[in-house]
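Please open the structure in your viewer and keep the selection tool at hand.

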Amino acid sequence: MPAGFIENLYVFVLAGFVGFEVIRRVSPLLHTPLMALTNALDAIVVIAAIIIAGRQGTALSAILGSIAVAAAFSNMVGGFLITDRMLRMFKASGRKGQ
Amino acid sequence: MTAHYLTDFSYIIAIALFILSLRWLSSPATARRGVLAGEIGAALAVATTFFNPELVQFKWIIVALAAGAMIGIPLGLVHMTAVPQRTAMSHALGALAAALIGISEYYMRIPHISKFEMTEIALEVIIGSLSFTGSLIAAGKLQEILPQRPIVYRGQNYVSLSVLGAAVALALALIVNPMHAYLFPAMVVISLIFGILLVTPIGGADMPTVISLLNSYVGFTAALLGFVLNTKVLVVAGALDGASGFILSVIMCRAMNRSFTNVMFGAFGQLQVSAAGAQEERTVHSATAEEAAAILAAANRVMVVPGYGMAVAQAQHKVRELYDLLSKRGVDVKFAIHPVAGRMPGHMNVLLAEADVPYDRLLDLDEANPEFPQVDVALVIGANDVTNPAARTDQSSPIYGMPVLDVEKARTVMVIKRSMSPGFAGIDNPLYYLDNTLMLFGDAKNVVANIVRELSPDGGHVSTL
């Protein structure tokens with residue numbers, strides 16, 4: 001068992017509980033933006049893709065890494081963009097129009 | 001060494017910002033700040049990664065980032081009605097990225113790969129691959145490129161589970177001897193096929209659950225990738241995304257009265273068994289837009305119940321006009337939104353917010369149900385199963401036990417519907433035959449437009465009353 005595994009498991013379990021507590025409080029009103037935002041945050045895998053694409057390696061890993069960079073980064077850009085567009089539309093009574 | 005610490009510190013800041021980002025999403029008032037926090041965290045993490053000493057070339061990274069932005073910006077600018085399919089596409093892209101990184105790690109590490117590492121990589125690649133094709137199928141169904149009705153055949157679960165079993169068997173063979181590199185592509189292909197088999201049987205009405213479930217799969221894939229690469233920021237981001245998808249799946253399951261295992265194994269087809277039992281002629285009361293307008297104008301409290309039919313007909317802007325006209329007359333108008341109304345969690349809220357309906361007028365299931373007995377008119381627009389009283393009363397109904405909106409407790413129920421044909425689930429709705437129910441047949445947008453015309457001060461008949 002690699003040394004980092006247990007450490008990562010601690011982090012995973014704690015992050016899971018934090019996520020559960022934080023996300024439980026998100027209003028059902030905002031469940032669509034929530035999904036868009038978590039997708040954008042999940043796109044942080046782009047940092048792993050960047051290393052795969054740019055490190056000394058085979059042509060295969062450079063190609064796979066580059067595709068992964070494009071896929072993840074499109075999620076990051078698109079996810080934040082659409083979340084903000086959606087949230088801008090949510091207005092309370094008495095504050096209509098822009 | 002210093003560079004290493006700097007990377008770690010920036011990743012820790014990014015993680016903190018991600019958690020704050022989700023925390024601020026708890027209320028619409030702070031939610032946009034949350035997006036900003038997420039953006040800063042992500043930008044910081046990406047920027048620091050460029051200083052990683054392992055990197056030897058940047059050309060393809062820049063090209064790929066540019067390509068990603070070129071795909072991402074249009075995906076961020078889609079119309080609000082297309083948000084469900086966009087979300088499914090985004091799950092697919094996330095799963096693709098995670099699966100490709102896992103595949104690339106395998107080929108980088110062989111022949112020096114331990115059984116433990118092989119287990120992590122195999123699990124990550126299997127879940128990533130099946131989430132990729134599963135999400136593509138979901139997106140195809142939502143975009144209506146693929147048929148929305150469930151595609152079922154005999155012994156389907158056995159076939160699907162055997163395919164999954166084959167992928168797991170190949171993974172086990174690879175764990176026993178990671179040198180059998182020729183098995184690896186086979187494992188990937190079989191996992192891709194399993195993703196297709198998993199989502200194909202699922203009908204349009206079950207999409208909110210499927211999207212949430214795929215969301216959690218993609219999140220857990222990213223977390224697994226964090227284990228493979230020993231990168232904690234991925235473990236955290238993946239755990240947050242996975243937890244979010246998991247919570248939404250549980251909420252959707254509860255809203256449809258399904259067990260979690262039922263959904264996990266993709267046995268969605270079962271609900272669609274046609275309940276075309278008693279087909280005796282029963283009378284329905286239909287009304288014209290003119291009559292509907294008169295009843296609405298005389299009401300004190302109106303509860304609008306929107307469903308997927310409103311989204312399909314793009315009726316949300318006409319509904320807002322109706323809301324404005326009635327509010328101006330002093331009618332108290334609210335909206336009751338069932339968790340599974342529409343094609344993804346929160347779908348109706350976004351469409352109504354887009355049409356400028358204030359969010360404090362939107363009630364969820366628990367808030368809306370106690371109000372129905374005091375409501376004069378419940379106006380059901382393109383919603384069916386979520387208003388079916390049989391879910392409370394008829395034990396033989398396939399949706400018995402599902403929490404529904406108690407619209408029939410309103411003094412008058414008005415249902416806008418294209419025809420008497422049953423909804424997606426193929427279940428007859430006794431609501432339509434009640435004495436206090438009036439049916440308004442037609443396209444949701446046209447019917448609401450006609451009511452709006454009748455209520456408008458400049459024309460129509462009601463205003464002259």
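**Before starting**

This is a predicted model, in which local features need pLDDT of at least 70 and side-chain atom pairs count only at pLDDT 80 or more, while totals for chains, interfaces and linings use all residues. Residues are numbered from 1 along each chain as its sequence is written, and chains are lettered from A and ligands numbered from 1 in the order in which they are written.

**Stop 1: chain A**

Select chain A and colour it by secondary structure. Chain A has four helices and zero strands, in the order α-α-α-α from the N terminus. Here helices (H or I, at least four residues) and strands (E, at least two) are DSSP runs, numbered from the N terminus.

Of the 98 residues in chain A, 62% are buried. A residue is buried if 20 or more other C-beta atoms lie within 10 Å of its own, exposed if 12 or fewer, and partly exposed in between, with C-beta atoms placed from the backbone.

**Stop 2: chain B**

Now select chain B. It contains 17 helices and six strands, and its C-alpha trace spans about 85 × 50 × 35 Å along its principal axes. Buried residues account for 54% of its 465 residues.

**Stop 3: where the chains touch**

Display both chains together. In chain B, 96 residues are in contact with 82 residues of chain A; two residues are in contact if their C-beta atoms, placed from the backbone, lie within 7 Å. On the chain B side, helix H4 (residues 83–109) supplies the largest share, 16 residues. That side comprises 58 nonpolar, 25 polar and 13 charged residues. In this classification, Ala, Val, Leu, Ile, Met, Phe, Trp, Tyr, Cys and Pro count as nonpolar, Asp, Glu, Lys and Arg as charged, and the others, Gly among them, as polar.

**Stop 4**

Two packed helices are described by the angle between their axes and the distance between the axes. Axes are lines fitted to C-alpha atoms, for helices over the stretch in contact, and angles run from 0 to 180 degrees between N-to-C directions.

Angles under 35 degrees count as roughly parallel, over 145 as roughly antiparallel, 65 to 115 as roughly perpendicular and the rest as oblique. The crossing of H2(A) and H9(B) is left-handed; a crossing is left-handed if the near helix is turned anticlockwise from the far one by less than a right angle, and right-handed if clockwise.

Show side chains here: the residues of H2(A) that meet H9(B) include Leu34(A), Met35(A) and Leu41(A), and those of H9(B) include Ala237(B), Leu240(B) and Leu248(B). The contact has six nonpolar, four polar and two charged residues.

**Stop 5: H4 of chain A and its two partners**

Which helices of chain B pack against H4(A) here? Select helix H4 (residues 59–89) of chain A with helix H2 (residues 31–49) of chain B: their axes are 9 Å apart at an angle of about 165 degrees. H4(A) is therefore roughly antiparallel to H2(B), and the crossing is left-handed.

H4(A) passes H3(B) in a right-handed crossing. By class, this contact has 18 nonpolar, seven polar and no charged residues.

**Stop 6**

Most residues other than glycine have a negative phi, and most peptide bonds are trans.

- Select Ile110(B) and Pro111(B): a cis peptide bond joins them, with omega about 5 degrees. Pro111(B) is in the loop between H4 and helix H5 (115–142) of chain B.
- Select Asn230(B), not a glycine, yet with a positive phi of about 55 degrees. Asn230(B) lies in the loop between helix H8 (207–229) and H9 of chain B.
- Select Asp356(B), also not a glycine, with a positive phi of about 75 degrees. Asp356(B) is partly exposed, with 16 other C-beta atoms within 10 Å.
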